[in-house]
Amino acid sequence: MKQFSYTITDPLGIHARPAGQLAKLAKSFGETVVTITKDDKTAKASQLMKLMSLGVKGGDTITIACEGGDEDAALEALSSFLKENL
């Protein structure tokens with residue numbers, strides 16, 4: 001398992017549009033499980049409604065964890081996505 005932390009810079013946080021894009025990106029790594037944790041709540045990044053239920057706002061720090069065969073590629077892609085969009 002590989003993981004990293006990221007602080008959301010978008011004042012709106014993870015709202016509908018980027019959450020949908022994030023879920024689609026997480027699903028693209030097949031067998032690799034991607035989770036996002038905020039405080040004590042964790043959700044699979046590929047599950048849009050659970051991702052939205054985390055209530056991530058601007059300034060919040062989240063932890064992204066990837067576990068599976070493509071974890072390196074997933075980690076790199078997710079890191080780039082977050083920096084470009086959130």
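Biologist: How do you know that the length of helix α3 agrees with its number of residues?

Modeller: The expected span is 1.5 Å times one less than the number of residues. For the 15 residues of α3 (residues 71–85) that should be 21 Å, and the end C-alpha atoms are 21 Å apart, so the two agree. This is a predicted model, in which local features need pLDDT of at least 70 and side-chain atom pairs count only at pLDDT 80 or more, while totals for chains, interfaces and linings use all residues. Residues are numbered from 1 along each chain as its sequence is written, and side-chain values use heavy atoms, with hydrogens and water left out.

Biologist: Which residues of α3 are buried, and why are they said to line one face?

Modeller: Buried means under 20% relative accessible area, exposed over 50%, and partly exposed in between (1.4 Å probe, protein chains only). Glu71, Ala74, Leu75, Leu78, Ser79, Phe81 and Leu82 are buried in α3. Seen down the axis, they fall within an arc of 165° and so line one face of the helix; the arc is that of the directions from the helix axis to the C-beta atoms. On the other side of α3, Glu76, Lys83 and Glu84 are exposed.

Biologist: What makes Asp39 count as exposed?

Modeller: Its relative accessibility is 66%, which is over 50%, so Asp39 counts as exposed. Asp39 lies in the loop between β2 and β3 (41–44). Helices (H or I, at least four residues) and strands (E, at least two) are DSSP runs, numbered from the N terminus.

Biologist: What is the phi of Asp39 near?

Modeller: Phi of Asp39 is near 55°, a positive value in a residue other than glycine. Most residues other than glycine have a negative phi.
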